[in-house]
Amino acid sequence: MSARLGSLMPWLALALLFIVTPQILSSATALTMTSLMGVMIIFALSYNMLLGQTGLLSFGHAVYFGLGGFVAIHTMNAVIHSKLPVSIPMIPLVGGLAGLAFGALFGLVSTRRAGIVFSMISLGLGELVSSSSFILRSFFGGEEGVTTNRAKLAPFFGHRFGSQLEVYYLIAAWCFFCVAAMYALTQTPFGRMCNAVRENPERVEFVGYSPRVLRLIAFCFAAFFAGVAGALGAISFEIMNAQQLGSQQSSLVLLMAYIGGVGSFAGPIVGAVIITFLQITLSDVTNAWQLYFGLMFIGAVLYAPDGVVGWLRMHLRVVRRGAAWRLAPAYALVAPALALAGVGAIMTIELANRQLAQARSEGSAMRLFGLDVDASTAWPWIVAVGLFVLGASGVRLLWPRVGEAWGDVNARLQIRSGA
Amino acid sequence: MLQLITFSALNGVLYGMLLFMMASGLTLIFSMMGVLNFAHASFYMLGAYFGFEISRRIGFWPGLVLAPLLVGAVGALVERYGLRRVHRLGHVSELLFTFGLAFVIEEMVQMVWGKLPVDYRGPPSLDFVAFRLFDTTYPAYRMFMLSVAVAMFVVLLALLTRTRVGLIIQAALTHPDMVAMLGHNVPRIFMLVFGAGAALAGLAGVIAGPALVTQPAMATLLGPILFVVIVVGGLGSLTGAFVASLLIGLLQTFAVAMNFSLAEVFGPTAPPFLDDLWRVTIAQLAPVMPYILLVLVLIVRPTGLMGTRES
């Protein structure tokens with residue numbers, strides 16, 4: 001009984017977090033951000049059903065997000081037009097079913113093969129849909145997109161979803177339900193077979209399953225949840241345009257899943273929260289924020305392929321066994337160098353951005369870490385590049401210590417668990 | 001009609017040859033290293049921008065030689081210090097690395113040269129009419145592009161089939177392990193091929209830049225089509241890439257020249273819900289065609305036109 005209660009605890013905590021968040025972060029921008037996070041959590045988790053769990057790297061997942069959103073928004077307009085007794089909370093289901101229908105259709109073509117061919121087909125299908133959005137104008141609404149007014153639908157127990165707070169709770173409820181459903185799916189035999197398809201499709205065939213059918217089913221589920229996310233996005237913003245199903249959106253969801261960590265169920269959730277937060281705040285601070293995203297992604301691929309959650313898990317394991325202090329000295333040595341390199345890199349990028357992209361229109365004077373500098377003079381550059389080189393060589397020099405510390409810790413933990 | 005066919009065929013072959021200049025490098029890199037290089041179209045873009053920068057300072061002709069060499073060097077560095085590190089993490093990580101790289105290159109190009117197209121022009125010495133058919137003229141620069149592309153093709157073919165390096169590369173295509181067993185430095189061959197592929201893409205950028213538009217989006221616009229080419233041709237097949245390049249080049253150029261729509265064939269009133277489809281002309285469908293071709297080919301022949309490899 002207590003074990004069952006223990007496994008319920010994280011879910012209660014999640015529900016509580018969803019309920020409490022708008023009470024703490026109650027400003028309008030925070031509410032919009034948390035709503036978007038909810039949408040992106042569903043989207044990123046649906047993506048990880050493919051990438052993390054079934055081993056299918058898709059470059060066109062936004063297609064199902066976007067199509068779900070478009071069908072949802074057209075449904076809403078049709079409901080308003082013919083005054084049907086349908087209220088907002090049912091709309092995400094419509095979006096999900098639309099995603100499922102298109103997922104089944106495109107999945108039939110693309111899941112015949114896994115690996116790189118699947119990736120390429122998903123890319124091709126993504127381009128196919130996003131370039132046909134400029135042809136089928138009455139459905140996709142051309143450049144300006146399709147708009148709706150969510151408050152005009154039938155009320156749901158008195159709620160008209162006019163305010164962003166009501167929308168937040170709607171998104172939170174759907175998000176909670178979808179997270180739970182997707183988690184439950186990973187625990188079913190089907191979820192396990194998806195993992196098997198990722199690891200070794202040949203053996204799956206010997207066991208008597210068809211990898212192709214399993215891939216197709218996983219693809220359909222992923223498309224369904226992406227469609228739900230798209231519909232929630234459409235409800236939240238009351239507009240859908242072709243950008244929502246284009247390659248940028250597809251790259252964004254890949255970034256979220258990967259930064260968070262594709263190896264664990266919680267990874268994409270964390271990734272969606274981090275990336276959405278950065279996307280909104282970073283774009284206010286610097287207009288080179290997309291470059292930072294790209295560099296962050298490359299950094300993650302090179303140095304942290306398990307993502308944030310993978311990294312945390314690795315350390316949590318050590319902390320639980322009481323060996324964290326063995327890592328601390330090595331980390332304390334590397335951290336200043338790492339910070340130095342980071343500051344140097346950010347300074348260089350910001351200086352380059354100011355001098356190359358904005359100097360003509362806004363002048364070369366700028367504020368950098370609280371200091372007034374002129375990007376057209378040499379000194380800031382020397383300092384920036386100097387800091388970076390100093391930090392980077394420091395990291396290079398000191399990194400072996402971290403490796404040693406880890407080797408030491410791992411060896412001790414193994415001895416202890418062996419004894 | 002005859003002039004339409006002639007010019008469309010010329011432009012189609014030209015576009016196809018440009019595609020092949022990039023697709024050949026991409027497919028060679030893929031077959032040898034198993035890496036699908038997402039940043040390949042970015043090297044094409046870098047070629048165009050480097051060519052622009054050099055032509056602005058010392059002229060078009062030095063740029064024609066220097067820019068591809070520069071791009072090739074960038075490619076070799078990317079392989080040596082980036083890809084080789086990710087290699088141990090597997091093919092998906094390599095693919096993701098090049099994906100991130102393409103993103104970063106685009107952002108950097110935007111930062112350095114701005115978001116608007118730059119004014120990259122061909123040399124004045126090629127600024128004349130090559131020939132005239134009926135009342136349409138064909139610019140000499142396009143003939144020059146075509147001859148560069150064909151020359152490149154011949155050189156590549158000779159290199160691959162007639163030289164020792166070519167033999168090793170060909171062997172590495174099908175039996176990479178065996179080549180390593182025979183004592184060849186496979187990592188160095190990889191770096192060489194990666195650099196050469198990047199240089200080839202750079203050359204395509206240098207000569208295509210003035211004729212098409214040199215802008216930060218040019219890599220994102222062309223990249224997916226390149227992947228279509230190598231998947232339709234069959235992954236790892238050079239001949240397939242060649243055939244698919246020409247096929248897609250001709251398909252797109254001929255489609256652009258055609259103004260038919262369903263409305264013209266079946267009358268202006270469309271069946272319900274098909275209003276948009278009824279009025280779309282074939283010319284408007286041109287950007288979608290490669291992807292339709294991709295889907296059709298994969299339904300009929302999942303390994304691509306001439307592919308034998310499964311992955």
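**View 1. Surroundings of B:Val229.** Beyond its neighbours within four places in sequence, B:Val229 is in contact with B:Leu19, B:Ala23, B:Ala241, B:Ala244, B:Ser245 and B:Ile248; contact denotes C-beta atoms, placed from the backbone, within 7 Å. The model is predicted: local features need pLDDT of at least 70 and side-chain atom pairs count only at pLDDT 80 or more, whereas totals for chains, interfaces and linings use all residues. Residues are numbered from 1 along each chain as its sequence is written, with chains lettered from A and ligands numbered from 1 in the order in which they are written.

**View 2. Nonpolar cores.** The largest nonpolar core holds 197 residues, of which A:Phe225, B:Leu226 and B:Val229 touch the most other members. Helix 10 (residues 211–237) of chain A gives the most to this core, with 17 residues; helices are DSSP runs (H or I, at least four residues) numbered from the N terminus. Another core lies apart from it and has 10 residues, among them A:Ala341, A:Val373, A:Ala375 and A:Phe388. Such a core is a set of buried Ala, Val, Leu, Ile, Met, Phe, Trp, Tyr and Cys residues joined through C-beta atoms within 7 Å, buried meaning 20 or more other C-beta atoms within 10 Å of the residue's own.

**View 3. Helices 11 and 14 of chain A.** The axes of helix 11 (residues 247–260) and helix 14 (residues 307–320) of chain A come within 3 Å and cross at roughly 5 degrees. Helix 11 of chain A is therefore roughly parallel to helix 14 of chain A (angles under 35 degrees, between N-to-C directions of lines fitted to C-alpha atoms over the stretch in contact). A:Tyr258, A:Ile259 and A:Gly260 of helix 11 make the contact with A:Gly307, A:Val308 and A:Val309 of helix 14.

Technical notes. A residue is buried if 20 or more other C-beta atoms lie within 10 Å of its own, exposed if 12 or fewer, and partly exposed in between; C-beta atoms are placed from the backbone. Helices (H or I, at least four residues) and strands (E, at least two) are DSSP runs, numbered from the N terminus. Two residues are in contact if their C-beta atoms, placed from the backbone, lie within 7 Å. Axes are lines fitted to C-alpha atoms, for helices over the stretch in contact, and angles run from 0 to 180 degrees between N-to-C directions. Angles under 35 degrees count as roughly parallel, over 145 as roughly antiparallel, 65 to 115 as roughly perpendicular and the rest as oblique.
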